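Load the model in a viewer and keep the selection panel open. The stops below go one selection at a time.

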There are 2 protein chains.
Amino acid sequence: MTDQVEVVIIGAGTAGLSALREVRRQTDDFLLINARDWGTTCAARGCMPSKALIEAANAFHRRHDFAAFGLTGADSVGVDIPSVLARVRTLRDGFVKGPEAVPGKLGSRALSGRARLLGPNRVAVEAREITARRIVLAPGSRPVVPKDWAQFGDRILTTDTLFEQTDLPGRIAVVGMGAIGVEMAQALSRLGLEVAGFDAVETLAGLTDPEVTQALRTALEREFPLYLGAPAELSQSGSGVTVTSEAGHFAADAVLAAMGRRPNIDDIGLDTLGVELDDKGAPPVDPTTLQIADLPVWLAGDANGHLAILHEAADEGHIAGRNATADATQAYCRRTELVIVFAAPQVARIGARFVELDPGGTAIGRADFSRQARARIAERAEGLMQIYGDAATGKLMGAEMCAPAAEHMAHLLALAMQHGLSVHDMLAMPFYHPVLEEGLRSALRDLARKVRGGGRFDLSDCPAVGFDALD
Amino acid sequence: MTDQVEVVIIGAGTAGLSALREVRRQTDDFLLINARDWGTTCAARGCMPSKALIEAANAFHRRHDFAAFGLTGADSVGVDIPSVLARVRTLRDGFVKGPEAVPGKLGSRALSGRARLLGPNRVAVEAREITARRIVLAPGSRPVVPKDWAQFGDRILTTDTLFEQTDLPGRIAVVGMGAIGVEMAQALSRLGLEVAGFDAVETLAGLTDPEVTQALRTALEREFPLYLGAPAELSQSGSGVTVTSEAGHFAADAVLAAMGRRPNIDDIGLDTLGVELDDKGAPPVDPTTLQIADLPVWLAGDANGHLAILHEAADEGHIAGRNATADATQAYCRRTELVIVFAAPQVARIGARFVELDPGGTAIGRADFSRQARARIAERAEGLMQIYGDAATGKLMGAEMCAPAAEHMAHLLALAMQHGLSVHDMLAMPFYHPVLEEGLRSALRDLARKVRGGGRFDLSDCPAVGFDALD
């Protein structure tokens, strides 16, 4: 390795590793620089450990349905929090093995250290300077924690530290009810902890549809209190922390900060690029190319403030890596937007958000899952789905929902929207019985009736007769 | 009501009620005749009570994962079989309310009694004769039980009687390992009964792909023994029944006959129609019109021996009802074939079956779910998915699988096949992380590599780096 390389990639998270794949197709003359552990946010501190915690929490919570099913002994089921957390880490350790092996495989083409731009073609790593023809920036993000919370020391948790705990105290406040906050608050509550959720705004889990938000709120509030719509203040109380807002207060042993993630762009030398930075310090990035202005520099993944979601970060890494090794910059179509929150009921957004739609030109199909047949059989009947379509053509535009198995129905809608299908197109597919997708079909039929021209014949689009299988 | 009507519908099951809807759009001059209870096979004895039993069984079975999750008390969880069965009936009673209300709503246009054709325009119901311009036959089906099993009396169960039991004996043999046999055998086993499954052939749950069948067999045999490939004989042994085949034997307290369903066409006077009947006594029926030959008679639902599946029966009822009230017979495109078996792992078939494909022109994409990341997190990692595509174009032709959440992934593939998508089209959609659909994506990528021209760029179609989220 010389101090002059074709491509430097800064950051070995999901975006950086995806960029690496593309770069390696074209050249071996690259350097991958990584500041923290070689584990990716997703595998080490994000998607994977959180889902492992949620699965254990849901398995424990299921005992509340035992009596309904005809099962006995629910009261004897217990949870061993240290074991739950140990399992989370065991799984996590497996998932990080892949990215952790990267520096070993790359040898001198991988470098551990904090990188800083010195200009569009120069990078410093500690005392060393590297000249690169092209640079891919994928420095990732970190949890937002208000500065004055430092006084509460290790009573403040983030997703960086939560999964490292060997045990958990009995009372945890979760501040921030976005995707991560809702997931973790519910999981901790279901694991038997006393939990309260706070947020300065009244939205939940990133939903923008007020009816779906209300349905989710009703479901969550059956499990733990939510104090929304007013900023939360922390204060010391004995060995704990009291969280107070105009909506309510909660005496906690620890506080999980879930107020979003901040791009790691404040200390990487973006000011040396000669482009204007916005009020958050972010440079102009084209989401279809990931290029910063017309520089030989690309910014991919969480760090560009687009969607901090694994599959988007992976796509962005690929786009940046391709463009960083191409003769000409190419624009790529981004996929249909898809966001899933692994709460119960699960939350999903697909395509356009409710707030982005033109109310005059949009028809909304609705399905209530509180009476859905399969959901009732499974003791999971709750939630609401709203599907948005073009009122004139029936083209599917977006959907927001909280419903059982929303993660799966979201993929079905995403495929339909990716290919520009209409509500009528989608109703032509088979819906098995009894499945939750029949609830989705109810929303589609409701939408089809509201679209200009009304519901067409899809072989079974007919008025209700009170028989779930046919309705 | 006169003894002369425009349309007679025989059978008030799913197909008959769907036909009724269409008929009522056109005329009030109809008569609905039903021989048995007004409950539909699906709601009273099929889809719904079976799924209720399965959900309870799966909830109980989940205790085996408690230790892995960090939960305690699994040994204290018990099952109260009478309560489980009572819940099944309570749910069932709710689901049959809709169809049961039909005769009350129709008044004299509904008739309880056994109908028999006297010719293409005449029907007898007991002593009464009715002349009809058009006739829709939807007489349904019943479980197959070998005649000589009558000697074992009430130790022989079928899905007609299983859900009526107030308790269950400790040992049940299930003879027939098709969809219903596999579902019920596993559910009974998971409810703590000693179960053995028998079948004269080596196929399972209607699968035709030998590798998927083997994966399902391996999974099922972890829970109860399967004796396949040889016919089962029953013999009395004390108060029980011993089931014996060349593959093995089992001393049972009761035997569930799950050898399929026989169309109820043997005693409805099809011989009076003047058309040739096949060796099973079935008349020629066009699946796109449901018409019998060129007669003013339509045969819909289980009774025509096509697919005994609710959504197909509903479609067939609609088609028959439309045609029975139309000036000219119209052919309808049938939906993409979709069959789901609610075992664990779930079984699904979509589109063309493995055995129907031209091996030379077909590429197969494969995904093993035993290492799939999300499945491992959920302690549900097992199963195999095979997706069949046109080797030249990549057009999706069919799929067979046994996998967690196969019911959902099957709908995704059904939508894709309904719209003639290729493997490349489907790879353009977003796949969230971590989801089971990433396993489906693995099968799609495997397929894409095998299709002429190899894998195209879908923004993330790259060689493995050992990191689940990116692979």
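**Stop 1: helix 14 of chain A**

Select helix 14 of chain A and look for its buried residues: they are Glu437(A), Glu438(A), Gly439(A), Leu440(A), Arg441(A), Ala443(A), Leu444(A), Arg445(A), Asp446(A), Leu447(A) and Ala448(A). The model is a predicted one. Because 11 of the 14 residues of helix 14 of chain A are buried, the helix is largely enclosed by the rest of the structure.

At 1.5 Å a residue, residues 437-450 should span 20 Å, and the end C-alpha atoms are 20 Å apart, which agrees.

Next, show what surrounds the helix. Its buried residues pack against strand 22 (362-368), strand 23 (384-390) and strand 24 (396-403) of chain A, and also against helix 12 (406-418) and helix 13 (423-427) of that chain. Chain B takes part as well, through its own helix 12 (406-418).

**Stop 2: the interface**

Select the contact between the two chains; 100 residues come from chain B and 100 residues from chain A. Together the chains bury about 8,400 Å², with 66% of it on carbon and sulfur atoms.

For polar detail, there are 28 residue pairs in polar contact across the interface of chain B and chain A, both residues being at pLDDT 80 or more. The side of chain B that touches chain A divides into 57 nonpolar, 21 polar and 22 charged residues. Six salt bridges are counted between chain B and chain A. To view a salt bridge, select Arg374(A) and Glu407(B), whose side chains meet at 2.8 Å, N to O.

**Stop 3: cis peptide bonds in chain A**

Go to Pro345(A), in the loop between strand 20 (338-341) and strand 21 (346-351) of chain A. The peptide bond from Ala344(A) to Pro345(A) is cis, with omega near 0 degrees.

Then move to Pro434(A), in the loop that runs between helix 13 and helix 14 of chain A. His433(A) and Pro434(A) are joined by a cis peptide bond, with omega about -5 degrees.

**Stop 4: positive phi in chain B**

Select Thr40(B), in the loop between strand 2 (30-34) and helix 2 (41-45) of chain B. Phi of Thr40(B) is near 65 degrees, a positive value in a residue other than glycine. Is Thr40(B) buried or exposed? At 3% relative accessibility, Thr40(B) counts as buried, since the cut-off is under 20%.

Finish at Leu290(B), found in the loop between strand 18 (261-263) and strand 19 (297-299) of chain B. Leu290(B) is not a glycine, yet phi is positive at about 70 degrees. With 1% relative accessibility, Leu290(B) counts as buried.

Terms used: Residues numbered from 1 in each chain as written. Chains lettered and ligands numbered in written order. Heavy atoms only, no water. Helix = DSSP H or I, 4+ residues; strand = E, 2+ residues; numbered from the N terminus. Expected span 1.5 Å × (residues − 1). Buried < 20%, exposed > 50% of the residue type's maximum accessible area, 1.4 Å probe, protein only. Contact = heavy atoms within 4.5 Å. Buried area = accessible area lost by both parts, 1.4 Å probe. Salt bridge = Lys/Arg side-chain N within 4 Å of Asp/Glu carboxyl O. Polar contact = N/O pair within 3.5 Å; in protein donor to acceptor, adjacent residues only side chain to side chain. Nonpolar A, V, L, I, M, F, W, Y, C, P; charged D, E, K, R; others polar.
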